[in-house]
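The sequence and the structure are shown first.

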Amino acid sequence: MPGEQGRVINHIRVLRASRGGITQGDLAKRVGVSRQTLNAIEGGKYAPSLEVAFKIARELGRPLAEVFEFVEG
């Protein structure tokens, strides 16, 4: 509906830990972004492009919907 807003949240930090504690730097390098960019995405300060979101999900071995979700309101 018009006027309603939402936000994208992610589970990157938890999924990194479940993958043996992969660092932000390692994941960023595999995805092709800077560690600072990945930190901003993980911290919810920045929503990634669809391409980057798919790359993150692939590197974490999870479907996109398990890594990112849209929360209304």
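Which side chain meets that of Glu-66 in a salt bridge? The partner is Arg-62, and the N to O distance between the two side chains is 3.2 Å in this model, which is predicted.

The structure holds five salt bridges, and the pair of Glu-66 and Arg-62 is one of them. Glu-66 counts as partly exposed because its relative accessibility is 40%, and Arg-62, with a relative accessible area of 35%, is likewise partly exposed.

A further salt bridge joins the side chains of Glu-51 and Lys-55, again with an N to O distance of 3.2 Å. Because these two residues are four residues apart in helix α4, which covers residues 50-60, about one helical turn separates Glu-51 from Lys-55. Glu-51 has a relative accessible area of 53% and is therefore exposed, the cut-off for that class being over 50%, whereas Lys-55, at 26% relative accessibility, counts as partly exposed.

Since Glu-42 lies in helix α3 (residues 35-42) and Arg-16 in helix α1, the pair ties together parts that are 26 residues apart in sequence. Both partners are buried; for Arg-16 the relative accessibility is 12%, and buried means under 20%. The pair belongs to a network of salt bridges in which Arg-13, Arg-16 and Glu-42 are linked.

Helix α1, in which Arg-16 lies, runs over residues 12-18.

## Helix α3 and its packing

Glu-42 is one of the buried residues of α3, the others being Leu-38, Ala-40 and Ile-41. The buried residues of this helix pack against the strands β1 (6-10) and β2 (68-72), and also against α1, α2 (24-31) and α4. Just after α3, Gly-44 takes a positive phi of about 80°.

Terms used:
Residues numbered from 1 in each chain as written. Predicted model: local features only at pLDDT ≥ 70, side-chain atom pairs only at ≥ 80, totals over all residues. Heavy atoms only, no water. Buried < 20%, exposed > 50% of the residue type's maximum accessible area, 1.4 Å probe, protein only. Salt bridge = Lys/Arg side-chain N within 4 Å of Asp/Glu carboxyl O. Contact = heavy atoms within 4.5 Å.
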